[in-house]
Amino acid sequence: MSAIRIDDLTCAFGDARAVDGLSVTIERGELFTLLGPSGCGKTTLLRSIAGFNDVASGSIWLDDQRIDSLPAHRRNIGMVFQNYAIFPNLNVADNVAYGLRARRVPGEQIAARVEKALQRVRLPGYGSRWPHQMSGGQLQRVAIARALVIEPSVLLFDEPLSNLDAQLRREMRVEIRQIQQSLGLTAVYVTHDQEEALAISDRIAVLRGGRIEQMGTPQEIYRTPRTPFVAGFLGDSNMLSGVAGDFDGAATPVRTCGTTIAVPGKVAESGARVLLSIRPEALRVTEDSRVPSLAARLVLREFLGEIQRLHAVLPDGTPIRVSALGAAAIAVSEGSSFGLSCDPSQIVVFAAP
Ligand code: ATP
């Protein structure tokens with residue numbers, strides 16, 4: 001397996017820079033996810049690693065080998081596409097063997113390598129089946145086997161699960177993660193599904209406008225987003241405006257929506273206008289009048305099985321969402337008022353724009 005180093009990479013279509021001076025190192029054996037809104041450059045970056053896109057400037061390295069000017073078939077990179085890209089006129093074994101034949105692997109090795117790849121994706125003995133006899137999940141496994149069979153240095157996934165239904169997506173992401181970990185593959189994974197990114201990645205890069213806005217482990221990005229964009233993009237976040245008070249040596253009081261919350265640490269200068277990012281699960285419905293709380297009015301309750309989601313408004317009209325486990329929020333009825341306390345250690349403070 002190889003590490004991937006991308007150095008000051010720019011990819012342009014006409015005057016538009018889809019990837020804009022981006023640098024990153026992806027470690028060996030790491031599953032690295034590119035996440036971001038539509039048009040932020042995820043696919044362009046992935047395709048330039050694979051060799052399907054021209055690079056305007058900068059360089060791409062696999063370990064010590066510079067690869068950005070090599071043709072795609074000489075990069076030893078496997079790619080799994082969103083639409084599977086399975087040839088309908090070839091059976092499963094011939095689909096999987098495609099990359100081996102293109103690389104002129106001797107015929108006597110092919111059958112064994114194909115079967116080994118099919119075993120890895122839990123489709124042993126499926127070689128003689130035809131694509132139209134396979135389910136969507138099985139076809140995506142064939143696509144993974146076809147990428148694995150060439151024993152690539154790096155495996156690239158371009159939204160591999162977005163054509164599957166929700167339950168199969170959750171199952172397949174676990175399978176992909178297990179295959180990647182058991183083979184120690186270096187993988188780059190593009191998705192727009194935040195939950196998928198959080199679930200399977202070693203690290204995530206959140207892209208915006210062709211650049212990396214923030215990079216880190218799923219926990220780091222979720223718990224300590226560095227910008228309001230990241231807080232809003234990855235997971236749900238309530239944004240409340242406030243004004244910071246005097247730091248008392250331990251916490252900074254922030255006045256917001258009729259209450260004052262003591263946020264640990266010195267988070268802003270006294271008098272500064274700030275934005276508080278509060279995750280829905282950091283809020284609790286409280287009836288304890290001694291606890292500083294936000295006064296809220298319930299607009300709508302969604303029952304989502306293991307959690308309930310409360311949609312409420314604060315007195316100044318700011319909408320606020322609360323996630324409550326199980327029956328914790330059941331006492332509140334729609335239209336009624338209630339108090340919300342929050343865990344200050346889970347609040348992230350940004351300077352107000
Ligand atoms: P999505 O999630 O919608 O697939 P993405 O993050 O993968 O989006 P890209 O497909 O990399 O984004 O596109 C980045 C930018 O480059 C977009 O503004 C897009 O319109 C532009 N772009 C991509 N491919 C081409 C192309 N072949 N010709 C012209 N512009 C392109």
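The largest pocket has a volume of about 620 Å³. A pocket here is found on a 1 Å grid over the protein atoms alone, as an open set of points where a 1.4 Å probe fits, with protein on both sides within 12 Å along at least five of seven lines; lining residues have an atom within 4 Å of a point. Grid points are joined across faces, edges and corners, and the volume is the space filled by probe spheres set on the points. Of the 20 residues lining the largest pocket, Tyr222, Glu281, Ile307, Arg309 and Ser323 are the closest to its centre. Two or more lining residues come from each of helix H6 (194-200), strand E15 (283-286), strand E17 (307-313) and strand E18 (319-325). E18 contributes the most, with 4 residues. Helices (H or I, at least four residues) and strands (E, at least two) are DSSP runs, numbered from the N terminus.

The model is predicted: local features need pLDDT of at least 70 and side-chain atom pairs count only at pLDDT 80 or more, while totals for chains, interfaces and linings use all residues. Residues are numbered from 1 along each chain as its sequence is written, and side-chain values use heavy atoms, with hydrogens and water left out.

By class, the lining of the largest pocket holds 11 nonpolar, 3 polar and 6 charged residues. Ala, Val, Leu, Ile, Met, Phe, Trp, Tyr, Cys and Pro count as nonpolar, Asp, Glu, Lys and Arg as charged, and the others, Gly among them, as polar. This lining draws at least three residues from each of domain 1 (4-232) and domain 2 (239-351), with bounds that come from an automatic or database domain assignment. The C-alpha centres of the two domains lie 39 Å apart. In contact (heavy atoms within 4.5 Å) are 8 residues of domain 1 and 7 residues of domain 2.

The second largest pocket contains about 500 Å³ of space. Among its 18 lining residues, Phe52, Ile77, Tyr98, Gly99 and Arg103 are the closest to the centre. Strand E6 (77-80), helix H2 (92-102) and helix H4 (136-148) each give two or more residues to the lining. The lining of the second largest pocket divides into 13 nonpolar, 3 polar and 2 charged residues.

E6 also belongs to an open sheet of 6 strands, ordered E6-E7-E8-E3-E9-E10, with mixed pairing. Two strands pair if DSSP finds at least two bridges between them. E6 and strand E10 (211-216) are the edge strands, each pairing on one side only. Neighbouring strands in this sheet are turned by 20° against each other on average, direction ignored. Strand E3 (31-35) runs parallel to strand E8 (186-191), and 5 bridges join them. Thr33 has Tyr189 in E8 as its bridge partner. H4 packs on this sheet, touching E6 and strand E7 (154-158), and its direction makes about 170° with that of E6. Axes are lines fitted to C-alpha atoms, for helices over the stretch in contact, and angles run from 0 to 180 degrees between N-to-C directions.

Another open sheet has 4 strands in the order E2-E1-E4-E5, with antiparallel pairing. Strand E2 (16-26) and strand E5 (65-66) each have a single partner strand, so one side of each is left without a neighbour in the sheet. Strand E1 (4-13) and strand E4 (57-62) pair in the antiparallel sense over 5 bridges. Thr10 stands opposite Ser57 in E4. Helix H1 (42-50) lies across E1, E2 and E4, running at about 115° to E1.
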